[in-house]
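Here are a few notes to read with the structure open beside you. Take them one at a time and find each residue as you go.

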Amino acid sequence: VKDNIIEEISYLVFGCCASIATSSMTSVLAKGKSLGDALRITEEDIIEALGGLPEAKIHCSNLGVSALKNAIANYYEKTSLQEDAQ
């Protein structure tokens with residue numbers, strides 16, 4: 001993250017093809033966005049960007065979005081702790 005913009009993003013996922021695809025698309029959609037805009041990425045955004053998912057795999061879209069939101073929360077926590085230490 002630089003100047004509140006996600007410059008680099010990566011993921012590590014073990015799972016089915018849909019899990020890999022949704023994680024990959026989450027990273028594509030988040031890269032270049034501000035943290036606030038990235039937090040607004042939804043499961044529906046991922047599904048739409050992929051051109052849909054089989055009904056049995058819709059839950060996979062939650063994985064990437066949840067991981068992204070957790071990573072951003074972790075970033076905010078770490079930067080807050082660093083600011084408090086200064």
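1. Start with helix α1, which has 14 residues. From its first C-alpha to its last it reaches 20 Å, close to the 20 Å expected at 1.5 Å a residue. Keep in mind that this is a predicted model.

2. Now look at which parts of α1 are tucked away. The buried residues in this helix are A18, S19, T22, S23, M25, T26, S27 and A30.

3. Pick out T26, which sits in α1, the helix running over residues 17-30. Is T26 buried or exposed? Its relative accessibility is 3%, and the cut-off for buried is under 20%, so T26 counts as buried. Setting aside neighbours within four places in sequence, T26 is in contact with I46, G64, V65 and L68.

4. Just after α1, have a look at G32: its phi is positive, at about 90°.

5. Next, hop over to T79 in helix α4, which covers residues 61-85. T79 has a relative accessible area of 19%, so with a cut-off of under 20% it is buried too. A polar atom of the T79 side chain lies 3.2 Å from the backbone oxygen of Y76.

6. Finally, how confident is the predictor? The mean pLDDT of the protein is 91, and 93% of its residues reach 70 or more. Confidence is lowest in α4, with a mean of 85, and highest in helix α2 (residues 35-39), at 96.

Conventions
Residues numbered from 1 in each chain as written. Predicted model: local features only at pLDDT ≥ 70, side-chain atom pairs only at ≥ 80, totals over all residues. Heavy atoms only, no water. Helix = DSSP H or I, 4+ residues; strand = E, 2+ residues; numbered from the N terminus. Buried < 20%, exposed > 50% of the residue type's maximum accessible area, 1.4 Å probe, protein only. Polar contact = N/O pair within 3.5 Å; in protein donor to acceptor, adjacent residues only side chain to side chain. pLDDT = per-residue confidence, 0-100. Contact = heavy atoms within 4.5 Å. Expected span 1.5 Å × (residues − 1).
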